[in-house]
Amino acid sequence: MTLKHIAGMASQTRFCGHVLSQLEKLNFRSTSLRVLAFHRIGNPAMKSDYYPGLISTSPERFCEQLDYLAAQKNVVSMDQAMESIQGKTDLPKRAVLLTFDDATRDFAEYAWPELQKRNLPATVFVPTSYPDNSKIHFWWDRLYRAIYRAPDGTVISIGNDKHVLGTFSQRKSVFRYLKEHLKTLSHAEFQQAMESITSACNVPDPDHNNVMSWSELISLQKSGVTLAPHTQTHPMLNQLNAAEVTAEVTGSWQDLKSVLQGEIPKVLAYPAGGVNAETELVLKNCGYELAFTTRRGVNPLPATNCFRLNRINVGQRTTLGLLRLQLL
Ligand SMILES: [Zn+2]
């Protein structure tokens, strides 16, 4: 029986719900921190220019999740989390930190109004080359548009592989394959492969991306959102050399610093979780204090490694029962 089956039962039967409630009471030690990672909030069935797989949850389910968190957990701010991760202060029991990667527009539209209603703090990780820049697009959105909108019969050649685009289900499997394959390439090979795919498909980029503008980010910060660096161009840092990593992480922090008020936390979320020992070292040398991976897990307090903090990803299959189990 999988975790998802148990979660499904927990949400459906009174008995399992009761067991989950008892486990929640027993299991939540004050010496640990759970960090939830969201991407976009929206409806995956709606036609869009953007890859729907990056939607974490619908607005309705998001509200359900927030109601649970507000009632049962202590949602803490990034400042509180930083101090406790570094062993300077304690956190309340059942502490949870909410993080949102990529700073897409739906955060301002759906997420922040609901967070504000419940008085819950949140941190948004911003890829700082994207705001107000119509020439830069997330690679997964470009790949999605290319594969699903190219004419029938389009041939994509990657190395010795050839993919001919046709039916919807066949495009779906090509998209899935390429999305995973691209992540295995070096940065230069990745750029070359994307160039080859997009030119074969010949689908133009829209004249906008879905990242919030600087004026939207400024107003969010004024209303209490913590904004933190997510690099400038969103590369996987473990595929870059030290000089390139330095430029991405110092540039991203400086971009935020030059536009926003007050202190910008020296906290990074690694794009796509890409990190190795060299990346960590560069971050430390650049004065960063913490960094979040995409690896699932709970963080002991103080953290054993401040540059490999775990998060719990919220995805479209994350029912409330599964979220409760994952937070145990
Ligand atoms: Zn990201």
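## Exercises on a predicted model

Strand β6 (residues 123–126) is covered on both of its faces. T123 and F125 are buried on one side, and V124 and V126 are buried on the other. The model is predicted.

**Exercise 1. Find the strand that pairs with β6, and name the bridge partner of T99.**

Step 1. Locate strand β5, residues 95–101. Three bridges join β5 to β6.
Step 2. Check the direction. β5 and β6 run parallel.
Step 3. Go to T99. Its bridge partner in β6 is T123. T123 is also one of the buried residues of β6.

**Exercise 2. Decide how helix α3 lies relative to helix α5, and list the residues that meet.**

Step 1. Take α3 as residues 59–72 and α5 as residues 106–117. Their axes come within 10 Å and cross at roughly 25°.
Step 2. Classify the angle. Angles under 35 degrees count as roughly parallel, so α3 is roughly parallel to α5.
Step 3. Assign the hand. The crossing of α3 and α5 is right-handed.
Step 4. List the contact. α3 brings P59, F62, C63 and L66. α5 brings Y110, A111, E114 and L115.
Step 5. Sort by class. The contact of α3 with α5 has seven nonpolar residues, no polar residues and one charged residue.

**Exercise 3. Work out whether A291 is buried or exposed, and describe its surroundings.**

Step 1. A291 is in strand β11, residues 290–292.
Step 2. Use the count. A291 has 23 other C-beta atoms within 10 Å. The cut-off for buried is 20 or more. A291 is therefore buried.
Step 3. Look along the chain. A269 is 22 residues away from A291, yet their C-alpha atoms are separated by 5.6 Å.
Step 4. Name the contacts. Leaving out residues up to four places away in sequence, A291 touches V267, L268, Y270, L283, F307 and L309.
Step 5. Link back to Exercise 3. L283, touched by A291, is also one of the α11 residues in contact with α10.

Methods
Residues numbered from 1 in each chain as written. Predicted model: local features only at pLDDT ≥ 70, side-chain atom pairs only at ≥ 80, totals over all residues. Contact = placed C-beta atoms within 7 Å. Helix = DSSP H or I, 4+ residues; strand = E, 2+ residues; numbered from the N terminus. Buried ≥ 20, exposed ≤ 12 C-beta atoms within 10 Å, placed from the backbone. Pairing = 2+ DSSP bridges. Axes fitted to C-alpha atoms, helices over the stretch in contact; angles between N-to-C directions. Parallel < 35°, antiparallel > 145°, perpendicular 65-115°, else oblique. Left-handed = near helix turned anticlockwise from the far one by under 90°. Nonpolar A, V, L, I, M, F, W, Y, C, P; charged D, E, K, R; others polar.
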